[in-house]
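Student: I have a structure open and would like to go through it with someone. Can we start with the overall picture and then go into detail?

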Amino acid sequence: MSAPQFWSTPFRYMRWASHEKPAIFYSLVIGSLGPVALVTIPPIRRYFGSYDPEPVPLTYPIPAGPRVIPQGYDDE
């Protein structure tokens, strides 16, 4: 039994796939760049001076002191 074509000549198979089935081939190429980007992009961002923003507050800050009641909005 012979080995499948992909394992015997991978670059030749990739060239064939890029011509005959471009949508599948290039979607796999772009999808395989995702894990590489997770490792390489954060150090590159830090090198160029980008920083992580402050986290968005999940609660409303409670002001210190008594509550100021607005005047002049009564229905009387």
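What follows is a short exchange about this structure.

Tutor: Keep in mind that this is a predicted model.

Student: How many helices and strands does the protein have?

Tutor: There are 3 helices and 0 strands. Read from the N terminus, the order of elements is α-α-α.

Student: What percentage of the residues count as buried?

Tutor: Of the 76 residues, 4% are in the buried class. The protein exposes about 8000 Å², with 66% of that supplied by carbon and sulfur atoms.

Student: On to helix 3. Where does it run, and what should its 26 residues span?

Tutor: Helix 3 covers residues 22–47.

Student: Where is the kink in helix 3 centred?

Tutor: On alanine 37, and the kink is about 45°.

Student: And what comes just after helix 3?

Tutor: Glycine 49, which takes a positive phi of about 95°.

Student: Changing topic: how many aromatic pairs does a search of the whole structure find?

Tutor: The search finds 3 aromatic pairs. One of them is tyrosine 13 with tryptophan 16, a tilted pair at 5.6 Å centre to centre and 35° between the planes.

Student: Why are tyrosine 13 and tryptophan 16 about one helical turn apart?

Tutor: Because they are 3 residues apart in helix 2, which spans residues 10–20. In general, an α-helix has 3.6 residues a turn, so residues three or four places apart point the same way.

Student: What about phenylalanine 25 and tyrosine 26?

Tutor: Phenylalanine 25 and tyrosine 26 form an edge-to-face pair, with 4.9 Å centre to centre and 80° between the planes. Phenylalanine 25 has a relative accessible area of 17%, so it counts as buried, the cut-off being under 20%. Tyrosine 26 is partly exposed at 45%.

Student: Which residues form the nonpolar patch on the surface?

Tutor: Tyr26, Val29 and Leu33, with about 270 Å² of accessible area together.

Student: Where does valine 29 lie, and how accessible is valine 29?

Tutor: Valine 29 is part of helix 3. Its relative accessibility is 33%, so it counts as partly exposed.

Terms used
Residues are numbered from 1 along each chain as its sequence is written. This is a predicted model: local features need pLDDT of at least 70, side-chain atom pairs count only at pLDDT 80 or more; totals for chains, interfaces and linings use all residues. Side-chain values use heavy atoms; hydrogens and water are left out. Helices (H or I, at least four residues) and strands (E, at least two) are DSSP runs, numbered from the N terminus. The expected span of a helix is 1.5 Å times one less than its number of residues. The bend at a residue is the angle between axes fitted to the seven residues ending there and the seven starting there. Patches are made of residues with over 30% relative accessible area and no salt bridge: like charges are joined within 9 Å, nonpolar side chains (Val, Leu, Ile, Met, Phe, Trp, Tyr) within 5 Å. Accessible areas come from the Shrake-Rupley method with a 1.4 Å probe; for residues, only the protein chains shown count as cover. A salt bridge is a side-chain nitrogen of Lys or Arg within 4 Å of a carboxyl oxygen of Asp or Glu. Buried means under 20% relative accessible area, exposed over 50%, partly exposed in between (1.4 Å probe, protein chains only). Rings of Phe, Tyr and Trp (its six-membered ring) pair if their centres lie within 6.5 Å; planes under 30 degrees apart count as stacked, over 60 as edge-to-face and the rest as tilted.
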